[in-house]
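Thanks for coming, everyone. Please bring up the model on your screens. I'll walk through pockets and then the ligand.

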Amino acid sequence: MFEDLRMPPPDKILSLMAIFREDPRPEKIDLGVGVYRDADGRTPIPRAVKEAERRLLASETTKTYVGPAGDPVFCDLVAPLVFGPELPRERIRGVQTAGGAGALSVLAGLVAAARPGVTVHVPDPTWINHVAILTDNRLRLAPYRYLGEGPERVDFEGMLAHLAGAAPGDVVLLHGCCHNPSGADLDGDQWRRLAALLAERRLLPFVDLAYLGFGDGLEDDAFAVRLLARTVPELLVAVSCSKNFGLYRERTGAAFALAADAGTAAVAQGHMVVRNRILYSMPPDHGAAVVRTVLQDPVLAADWRAELEAMRVTIEALRQALAAAFARLTNGSDYAFLSRDKGMFSLIGVTAEKARRLRDEHAIYVVEDGRINVAGLRLDQVERFAAAVLAVR
Ligand code: LMR
């Protein structure tokens, strides 16, 4: 049975975690996988999450099944974070999922059920797993150029030109904020122009919202999704609670579909439930129960917001320090984009071979496409990192 199989290539992001763990060099720095790290290099459990877990441990009386849609209260609490308080509730239906990747899989399955083999226009570059998930659902991928050469980084006109040629009914994958891997986001005007084009061309936006709260803040980062929800008749949103609630391994997320009317939204939700059932029968409960407990308690919710904002500000400070270090060492502004990029990631423009040299010669781990997780740096490592990048350049 298995003799004809070839070993699949290692995941470019996750394989770094194992290599890093085994590296004995004490000065090693992990800028690979997208997790937040504090000044001590730890990925903290937010205070509100810890308190919610304490309460759940004390109050839970059963571990019986919740159901294939997951916890509807969790979805009702997450939906306003994404769509805003004035969301068109009757047209939005969602299910709880196993993390953001689960949400992407559920929504890709929904698209495949509605339009088998439809074309999904995907930014190039994008998160590695997007391509795998969409392909696994037998959807056709059409990459669109996302990054340009200029200082503004996003090739917005190129992106619009590509999408203007897309067929009505095609799907467009978008990063709602904090583009992964580049950290280069559209500005407000660009989102408005894009939303108008999507509406006019009758293209379906499929938004990945994995880093809500890490760009410009919880409200500002939802701007694009809320604008799209006001502008287009149909919208898909994959939400992750991994980063903003620090729940990574608990696999907590939600998939939402905005449909033209309440009846269609209910049918879309029915298909999402089927996808959950096929993929893992039902999503794991613990992380969603934690999020529900936090968001239902105004004191915990306020503390969670404050801690999320503190994480965002820490990353922002690292970005400024990083850009300043490069400016000092190069006497130029080639790396000023690092201070403007949003969220955890930026591309530092090294090839796979140079990424390997960073690892071998400097004990610095970056993804082979040149992606760095800025949150993996400590302020006292910034100078060393910048010097290492320039040394292998
Ligand atoms: C990342 O991009 O590093 C994270 O989303 C983790 C992952 O699963 O790839």
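How much space lies in the second largest pocket? About 560 Å³. A pocket here is an open set of points on a 1 Å grid over the protein atoms alone, where a 1.4 Å probe fits, with protein on both sides within 12 Å along at least five of seven lines. Lining residues have an atom within 4 Å of a point.

Before going on: this is a predicted model, where local features need pLDDT of at least 70, side-chain atom pairs count only at pLDDT 80 or more, and totals for chains, interfaces and linings use all residues. Numbering starts from 1 along each chain as its sequence is written, and side-chain values use heavy atoms, with hydrogens and water left out.

Back to the second largest pocket. It has 26 lining residues. Nearest its centre are Ala114, Arg115, Leu204, Glu234 and Leu236.

Now the largest pocket. Its volume is about 960 Å³. The lining counts 43 residues, and Met17, Val33, Gly34, Val35 and Lys243 are the closest to the centre. α1 gives the most to this lining, four residues.

The ligand sits in the largest pocket, that is, more than half of its atoms lie within 2 Å of the grid points. Residues around the ligand, with a heavy atom within 4 Å, include Ile13, Trp127, Asn180 and Tyr211.

Look at the ligand's oxygen atoms. A backbone N or O atom of Gly34 lies 2.7 Å from one. For Arg371, a polar side-chain atom lies 2.7 Å from a ligand oxygen. For Lys243, that distance is 3.1 Å.

Key
A polar contact is a pair of N or O atoms within 3.5 Å; within protein, one must be able to donate a hydrogen and the other to accept it, and residues adjacent in sequence count only if both atoms are side-chain atoms. Grid points are joined across faces, edges and corners, and a volume is the space filled by probe spheres set on the points. Helices (H or I, at least four residues) and strands (E, at least two) are DSSP runs, numbered from the N terminus.
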